[in-house]
Amino acid sequence: MASIEKVPMLAEGYEKLISDLKTLREERPRVVDAIEEARAHGDLSENAEYHAAKERQGQIEAQIAELEDKISRAQIIDPTTLSGDRIVFGATVTLLDDDDKPVTYQIVGQTEADAKKGRISYSSPLARALIGKKTGDEIEVTVPSGDRFYVVEKIEFI
């Protein structure tokens, strides 16, 4: 029997998925109404409103299925309950770059990642290089702009 892969995420990421699912489920009946209204206009072969509504219905159903799947496999992790001297999912890590300039990242789930806010997905090259490292460890990461070198300065679970 195949095991179902869990999707790690923070509580706020889980809440966002629930909210997005609720919004899509609320939109569903409106799209069905739009299809019925467009269908009433007659010839479906040249009915742009009908085709647009049907396409939107397909998008909504696909998004709902994807969200339900992620929610069913969600493994909610609270970083404040974690501890240790190694970097794991949920850790907030301060790194020193080549110029000894500090940069801070939190390792989060794929749906929560936002590099501008310092939140990187656990599957990103940088996070994969960081996981398991300790304070003082040096890492090298190959990114689209080239190789980057960092030293782990601080690990926090906040």
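The side chains of Lys22 and Glu26 meet in a salt bridge, with N and O 3.1 Å apart; the term covers a side-chain nitrogen of Lys or Arg within 4 Å of a carboxyl oxygen of Asp or Glu. The model is predicted, so local features need pLDDT of at least 70 and side-chain atom pairs pLDDT 80 or more, while totals for chains, interfaces and linings use all residues. Residues are numbered from 1 along each chain as its sequence is written, and side-chain values use heavy atoms, with hydrogens and water left out.

Lys22 and Glu26 are four residues apart in helix 1, and therefore about one helical turn from each other. Helices (H or I, at least four residues) and strands (E, at least two) are DSSP runs, numbered from the N terminus. Lys22 is exposed, at 53% relative accessible area, whereas Glu26 is partly exposed at 41%. Here buried means under 20% relative accessible area, exposed over 50%, and partly exposed in between (1.4 Å probe, protein chains only). The structure holds nine salt bridges, and another of them joins Asp20 to Lys16 at 3.0 Å, N to O.

Glu27 pairs with Arg56 in a further salt bridge, the closest N and O atoms being 2.9 Å apart. Because Glu27 lies in helix 1 and Arg56 in helix 2, this pair ties together parts that are 29 residues apart in sequence. Glu27 counts as buried at 19% relative accessibility, and Arg56 as partly exposed at 26%.

Turning to helix 2 itself, its buried residues are Tyr50, Ala53, Ile60, Ile64, Leu67 and Ile71. Helix 1 (11-39) and strand 2 are among the elements that cover these residues. Ile71 also belongs to a core of 15 residues that includes Leu17, Val31 and Ile35 and lies apart from the largest one. A nonpolar core is a set of buried Ala, Val, Leu, Ile, Met, Phe, Trp, Tyr and Cys residues joined through side-chain atoms within 4.5 Å.

The largest nonpolar core has 22 residues, and Ile87, Leu95, Leu126 and Leu130 have the most contacts inside it. Strand 3, strand 4 (102-108), helix 3, strand 6 (138-143) and strand 7 (146-156) each give two or more residues to this core. Beyond its neighbours within four places in sequence, Leu95 is in contact (heavy atoms within 4.5 Å) with residues including Val103, Tyr105, Leu126, Leu130 and Val152.
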